[in-house]
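What follows is a short report for a reader who is meeting this structure for the first time. Please look over the sequence and the structure before reading on.

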Amino acid sequence: MSAMPSGTRVLVVEDDPHLAAGVMENLRAEGYEVNTAGDGEQALAWLREQGCALIVLDVMLPGIDGFGVCRTLREQGNNTPVLFLTARGDPVDRVRGLESGGDDYLAKPFHLQEFLLRVRAILRRWDWYRSASATAATAVLRFGGNEVDFRAFRARAWNGEGQELTEKEAMILKVLAEHAGEIVSREDLLERVWGYDVFPSTRTVDNFILRLRKRFEKDPARPRHFLTVWGVGYRFLSEGEP
Amino acid sequence: MKATRVFQLTVLVLVVVSAVQVGWWLLDRHAQTHEKVRAARTAYAEQISAAQALLDAGTSPQRVQQLLPQIIVADGHPTLAPQVDEALRTEERHRDNQYAWEGSFFLLALGACIAVIARALRAEARVLEEQENFLALVSHQFKTPLASLQLSLETMALRTLSAEQSRTLIDRMLADLARMEAMVTQILESARLERGRVEFKSEPLELGAAVARVVTHLEERARQERIRISCDIEPGLYVASDPLALDVVVRNILENALAAVTPLGGGSIALSARALNAEVELSVRDSGVGFRPADGARLFERFTRLHPRGGGGHYGTGLGLFIVHRLMHLGQGRVSAHSEGVGQGAKFVLTWPAAQGQRS
């Protein structure tokens, strides 16, 4: 885990020049390398050529809006984390942002320190995920006939079906696999995968576990790998429950 | 607002109830008339039976007719006198006709009332919705400069800055404040436009003088941004417009042109005017960022900002051209925007009716 963000590249997509400049200067002062784009098309063009560790994405952009940019990226298989900035802070928009594949959501006007904290938290989570999938041994997880490729966010299920994993599904799987055989609480999962109060409820974790079961369990109703520990959380068994 | 709505709804309910009552009353009157006629006929039938009894008892037909004047006896059979029968029929027809006319009149009047009130209620609901949309858009527009202000201030609070960096942030904050102030002015202007269509005056105004006033006002800013404004308007061109509206229109069009040229680091704005039949046309051509031809119509919609990066230090509110469009429309004028494409500059053409008898 790298504590210093030095050299970490962030793309700021914001159509307001003042806000873009302010965000850029502050991120630079924290040691990040920053590029900016004024609209969605420019951002997508830049991302086709280059990579970055995080995209700070305004929602109300001229042309394609931020949600559209994020969806397009995910469809292209680009899993770069996205922090949405928006003037609309209502819950409906929040949910839309996260559904389109965003990692976090901040309403304008925002507090500088909160913004910087969130940027750091997202990068830390991804840092952990990447370093935890860095070696040949950790990049691939095999259990019960399933094979998960953490780097490509792809999997082949026991029945031969190809699966595209979302980042959150992959992260949850990663946390569970790292603690195979142990009990992992819902709160731990929330903290490790989302970090912040993006989702207010631990029910969200349950929904993701259901999705993982549907993808990888032979009988999702009677799971052998993703076990519920009542009142606490979950336990992952790579061998499968006897 | 709410009290008016309650009142309108109450009146609507009253009118609907009245309409139902009128309908019921009509049916009731109709039934009653028929009932009366039927009763009369029954009474006459009894008289006919009585006449028959008298005849059977040997009373002479003449005597029977004397006793029962509505009955006539022909060939030894008593029947109702034709004029009485006719009178009954006429009475029935007359009453039915009366109810039909009076009833339809009342129902029509009440129906009209219902339509008028329902229409008013619908119009009000639409206005309310528009206002809500407007408020949502306005608050959204304010959040960006607010966010920028907050970010600048928090940066100053969080970090140790050089004098130069502080200066940059202060300039940025001042520009944000100026932007918010411009937005307030324009929002008020556009709100006034939405409300008061009545105060619009139409008087002969010399276009050259009006343009010159606005240009003088903006010249300093243009010089700073290395933008040359040239004016080719012959004196004596008079347009029929509202003096305030003319000023606002020309100012907004010129500010839009400045904002379009500024990002290119300099350029030119050329104004020219000519008389065309009964109209006067002002062209404002700039060497600025231009726009996609397809976006020409969208430019005049509220909160459209095609070039958010346009205009160093001055930001579009998305209201300027909307105001121009509304004002031109109110004054029987027109405005259109033309561009060959992004980076090709743009031309705005304003057309007013020429002032009567003032054309040179």
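## Surroundings of one phenylalanine

In this predicted model, A:Phe216 is in contact with A:Phe143, A:Asn146, A:Val148, A:Ala155, A:Trp158, A:Leu165, A:Leu173 and A:Phe226, when residues up to four places away in sequence are left out of the count. A:Phe216 belongs to helix H9 (residues 203-216) of chain A, and because its relative accessible area is 1%, A:Phe216 counts as buried. One of the residues it touches is A:Ala155; A:Phe216 and A:Ala155 are separated by 61 residues in sequence, while their C-alpha atoms are 9.3 Å apart in space.

Chain A has an average pLDDT of 85, and 93% of its residues score at least 70.

| Element of chain A | Confidence in chain A | Mean pLDDT |
|---|---|---|
| helix H4 (residues 91-99) | lowest | 73 |
| strand S1 (residues 9-13) | highest | 95 |

Between chain B and chain A about 2,200 Å² is buried, of which 57% lies on carbon and sulfur atoms, and the contact involves 21 residues from chain B together with 26 residues from chain A. There are 2 salt bridges across this interface. A:Glu25 and B:Arg172 form a salt bridge, in which the closest N and O atoms are 2.7 Å apart.

On chain B, a nonpolar patch on the surface is formed by B:Ile170, B:Leu174 and B:Leu177, which together have about 250 Å² of accessible area. B:Ile170 lies in helix H4 (residues 163-195) of chain B, and B:Ile170 counts as partly exposed because its relative accessibility is 32%.

Notes. Residues numbered from 1 in each chain as written. Chains lettered and ligands numbered in written order. Predicted model: local features only at pLDDT ≥ 70, side-chain atom pairs only at ≥ 80, totals over all residues. Heavy atoms only, no water. Patch = residues over 30% accessible without salt bridge, like charges linked within 9 Å, V, L, I, M, F, W, Y side chains within 5 Å. Areas by Shrake-Rupley, 256 points an atom, 1.4 Å probe, with all protein chains shown as cover. Salt bridge = Lys/Arg side-chain N within 4 Å of Asp/Glu carboxyl O. Helix = DSSP H or I, 4+ residues; strand = E, 2+ residues; numbered from the N terminus. Buried < 20%, exposed > 50% of the residue type's maximum accessible area, 1.4 Å probe, protein only. pLDDT = per-residue confidence, 0-100. Contact = heavy atoms within 4.5 Å. Buried area = accessible area lost by both parts, 1.4 Å probe.
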